[in-house]
Amino acid sequence: MLLHIVARGRIGRSPEAELVDRYLKRVTWPTRVTELPDKGGKVPPREPGTRIVMLDETGRDMPSRQFAQILGNWRDDGVREARFLIGAADGFDDADRREADLLISFGRLTWPHMMARAMLAEQLWRAASILSNHPYHREG
């Protein structure tokens with residue numbers, strides 16, 4: 001299953017970009033990052049077998065194991081792509097949210113969208129690690 005991050009804003013050469021690259025290189029599943037300008041630009045068309053996950057302040061705050069289980073279930077059900085949308089500073093509107101298969105949040109704090117991208121990359125790596133029974137992940 002392709003893990004595809006579609007994010008508003010250009011990350012450029014930055015510490016956040018280094019973190020994103022570091023974690024995505026560790027993920028054993030195929031990954032892709034598509035950057036869009038803060039306004040405008042076209043989100044790639046949604047192909048059949050794609051699940052949409054939006055990072056949104058109204059989303060579910062869940063433990064890493066639950067996130068991994070969702071991704072594992074999608075993979076096992078033959079989902080071709082899990083697409084993760086990170087919006088610009090103003091986030092998503094209600095119409096966008098209705099199109100999502102899953103809304104997730106990294107807690108109630110506000111995060112810059114470039115940090116959210118790095119945090120998402122880390123959680124994708126962590127989920128893949130959990131699903132492969134890698135001993136790194138610890139809870140508690």
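Student: Is Phe106 buried, partly exposed or exposed?

Tutor: Keep in mind that this is a predicted model. Buried means under 20% relative accessible area and exposed means over 50%. Phe106 has a relative accessible area of 24%, so it counts as partly exposed.

Student: Where does Phe106 lie, and which residues does it touch beyond four places away in sequence?

Tutor: Phe106 sits in the loop between S5 and H4. Setting aside residues up to four places away in sequence, Phe106 touches Leu55, Trp111, Ala116, Met119, Leu120 and Gln123.

Student: And Gly87: is that one buried or exposed?

Tutor: Gly87 is in the loop between S4 and helix H3 (94–99). Leaving aside neighbours within four places in sequence, Gly87 contacts Arg8, Phe92 and His113. The cut-off for buried is under 20% relative accessible area. Gly87 comes in at 11% relative accessibility, so it is buried.

Student: Now the largest nonpolar core: which element gives the most to it?

Tutor: This core has 35 residues, and Met1, Leu3, Phe67, Leu71, Trp74, Phe84 and Leu124 touch the most other members. Elements giving two or more residues include strand S1 (2–8), helix H2 (64–76) and helix H4 (113–131). With ten residues, the top contributor is H4.

Methods. Residues are numbered from 1 along each chain as its sequence is written. This is a predicted model: local features need pLDDT of at least 70, side-chain atom pairs count only at pLDDT 80 or more; totals for chains, interfaces and linings use all residues. Side-chain values use heavy atoms; hydrogens and water are left out. A nonpolar core is a set of buried Ala, Val, Leu, Ile, Met, Phe, Trp, Tyr and Cys residues joined through side-chain atoms within 4.5 Å. Buried means under 20% relative accessible area, exposed over 50%, partly exposed in between (1.4 Å probe, protein chains only). Contact means heavy atoms within 4.5 Å.
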